[in-house]
Amino acid sequence: MSNLTHSTAWQALSAHQTVISKQALRGMFRADPARFDKFSLQLEGLLLDYSKNLITEETLALLLNLARQSKLDDWIARMFNGEKINTSEQRAALHTALRAPRGTEVNVDGKDVMPDVHRVLDHMRRFSDAVRNGSLRGHTGKPFRDVVNIGIGGSALGPLMACEALKPYGSAQLNAHFVSNVDATDLAETLKRLDPETTLFIVSSKTFTTQETLTNADSARAWLVKHLGAEEAVARHFAAISTNLTATSKFGINPDNVFEFWDWVGGRYSLWSAIGLPIALYIGMDNFEQLLAGAHAMDEHFRETPFERNMPVIMGMLGIWYANFFDADSYAVLPYDQYLQHFPAYLQQLEMESNGKRVDRDGHETDYATQMVIWGEPGTNGQHSFYQLLHQGTRMIPADFLAPLASHNPMGEHHAMLLANCFAQTEALMLGKTAEEVRAELMAQGIGDEALESLLPYKVFPGNRPSNTLLFDQLDPRTLGMLIALYEHKVFVQGVVWNINSFDQWGVEFGKQLAGKLLPELQGKQHTSSHDASTNGLINHYLARKS
């Protein structure tokens with residue numbers, strides 16, 4: 001057994017789980033009318049209701065003991081203070097500094113990084129204001145009408161999610177587009193809709209060597225030059241988020257349009273940096289700063305609030321509870337807001353790239369589960385597809401439900417109906433429906449005897465399915481910033497308890513390395529025998545069909 005699973009706090013939770021697993025949530029609510037008040041939290045306009053979880057006050061105390069045993073408070077301080085907690089890469093993990101206000105001091109290797117952070121934010125403001133007000137124009141003198149972000153992973157998912165989520169705040173004069181897949185279809189279908197005279201491209205690549213991103217950027221450059229007939233057009237129609245000024249200059253990008261970020265900013269934590277330039281262009285820099293302010297408010301809550309009232313800590317420890325003591329292997333994120341349609345995909349990268357690991361900080365394989373699979377879809381769409389599995393499947397799948405109290409698009413009874421469905425689903429997952437309740441229901445419908453007994457087992461719902469509900473007044477930039485930071489810190493909490501490094505991603509590299517070796521073979525004509533039989537067969541089939 002590892003030190004973690006052998007620890008007093010872990011063993012106490014294992015013993016406690018055998019007690020809780022025999023209890024039912026409906027009974028817990030019946031026994032304690034104040035359960036919602038005990039197990040809910042508010043921060044500004046954000047409400048977390050975690051009362052529909054398989055917990056008692058004793059459970060929560062035991063979970064927080066595990067967090068304290070893991071020295072979570074020390075790790076929080078180390079992260080915010082700029083220590084190199086990304087130990088495998090010897091880097092700080094300072095995404096929190098990106099949203100800290102002016103006047104804050106955060107040191108990395110003895111240097112205060114905040115002047116550089118705000119220098120880049122000021123650069124973003126000048127550039128985004130100039131594009132939005134039309135003073136910065138394209139090669140033929142026309143104002144920009146479309147912005148195309150070319151990136152991959154965190155350089156694409158974050159800006160895409162945020163621009164979609166904040167569409168009500170978007171510019172009426174600027175459209176935001178995102179190209180990330182090296183499949184040419186992604187770029188080709190985007191370019192079909194664009195006028196090269198009014199299109200601005202942003203290439204997001206820290207090193208300006210990311211193969212997929214540079215392939216798309218080169219093709220976009222060729223498209224622009226072909227249609228505008230001038231190489232010098234590139235300087236006016238391209239910007240870059242990169243630290244490689246030599247490569248961006250060789251590409252033809254004006255140095256004034258290159259934005260810096262730092263090695264202490266991980267890709268999946270980078271939308272707060274210059275990687276968020278497409279967001280600033282689309283919603284304006286004032287709104288982008290509100291996004292940062294919301295995240296900072298959650299940072300301060302996470303940093304200063306006792307664990308018993310700390311939203312990220314409680315959400316993180318509930319995830320530990322289900323992954324490690326109930327053997328749950330997936331987790332659903334279900335936003336009842338169409339603007340959050342990309343939020344589950346964003347969290348897939350944030351959570352699974354951060355904590356999808358089997359080796360701890362000490363280099364040992366874990367003997368306990370780590371990251372659950374994250375998935376989801378906006379409500380009410382999901383109700384007509386996979387909710388069957390949530391309600392009557394054989395697996396426990398904890399879920400987060402997110403919903404605004406007010407819609408940006410009030411129309412008849414739509415929003416009341418949306419919220420009714422959201423609240424009803426969490427209630428149904430918690431309550432279930434017993435055989436006795438089904439029997440009474442069927443008898444009231446006039447179904448009796450043999451037909452009733454035949455139908456009864458199919459209409460029983462086990463219930464006892466846990467969920468959190470996050471409610472907010474309306475999805476605005478500040479609220480979105482709070483939500484994203486909430487999940488970032490939840491991930492950190494779990495990584496600390498699991499004793500894994502949440503800030504590296506070596507698993508991403510291996511396949512890319514092999515792809516680099518395979519590419520010349522696919523570009524050539526000679527059949528190969530240098531791989532396993534399957535890979536050889538696939539390559540040779542491609543070459544035969546290509547010829």
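Reply: Ala, Val, Leu, Ile, Met, Phe, Trp, Tyr, Cys and Pro count as nonpolar; Asp, Glu, Lys and Arg count as charged; the others, Gly among them, count as polar. Two notes on the source come next. This is a predicted model, where local features need pLDDT of at least 70 and side-chain atom pairs count only at pLDDT 80 or more, while totals for chains, interfaces and linings use all residues. Residues are numbered from 1 along each chain as its sequence is written, and side-chain values use heavy atoms, with hydrogens and water left out.

Now the pocket. Empty space is found by rolling a probe the size of a water molecule over the atoms. On a 1 Å grid over the protein atoms alone, a pocket is an open set of points where a 1.4 Å probe fits, with protein on both sides within 12 Å along at least five of seven lines. Lining residues have an atom within 4 Å of a point. Grid points are joined across faces, edges and corners, and the volume is the space filled by probe spheres set on the points.

The largest pocket holds about 1,200 Å³ of space. Helices H8 (154-165), H10 (211-228), H16 (343-355) and H22 (506-523) each give two or more residues to the lining. Helices (H or I, at least four residues) and strands (E, at least two) are DSSP runs, numbered from the N terminus. H22 gives the most, with eight residues. By class, the lining counts 16 nonpolar, 19 polar and nine charged residues.

Helix H9 (residues 184-191) has three buried residues, Leu187, Thr190 and Leu191. Buried means under 20% relative accessible area, exposed over 50%, and partly exposed in between (1.4 Å probe, protein chains only). The three span an arc of only 95° around the axis, which puts them on the same side of H9. That arc is taken from the directions from the helix axis to the C-beta atoms. The buried residues of H9 pack against H10, and also against strands E5 (146-150), E6 (175-179) and E7 (199-204). Contact here means heavy atoms within 4.5 Å.

Rings come next. The whole structure has 20 aromatic pairs. Rings of Phe, Tyr and Trp (its six-membered ring) pair if their centres lie within 6.5 Å; planes under 30 degrees apart count as stacked, over 60 as edge-to-face and the rest as tilted. Phe208 and Phe251 have ring centres 5.7 Å apart and planes at 85°, so this pair is edge-to-face. Phe208 sits in the loop between E7 and H10, and Phe251 in helix H12 (residues 245-251), so the pair ties together parts 43 residues apart in sequence. Phe208 counts as buried at 5% relative accessibility, and Phe251 at 6%. Trp262 and Trp264 make another pair: their centres lie 5.0 Å apart and their planes at 5°, so they are stacked. Both of these Trp residues are buried.

One last stop is Lys490, in helix H21. Lys490 is buried, with a relative accessible area of 3%. Leaving aside neighbours within four places in sequence, Lys490 is in contact with Pro312, Met315, Gly316 and Glu351.
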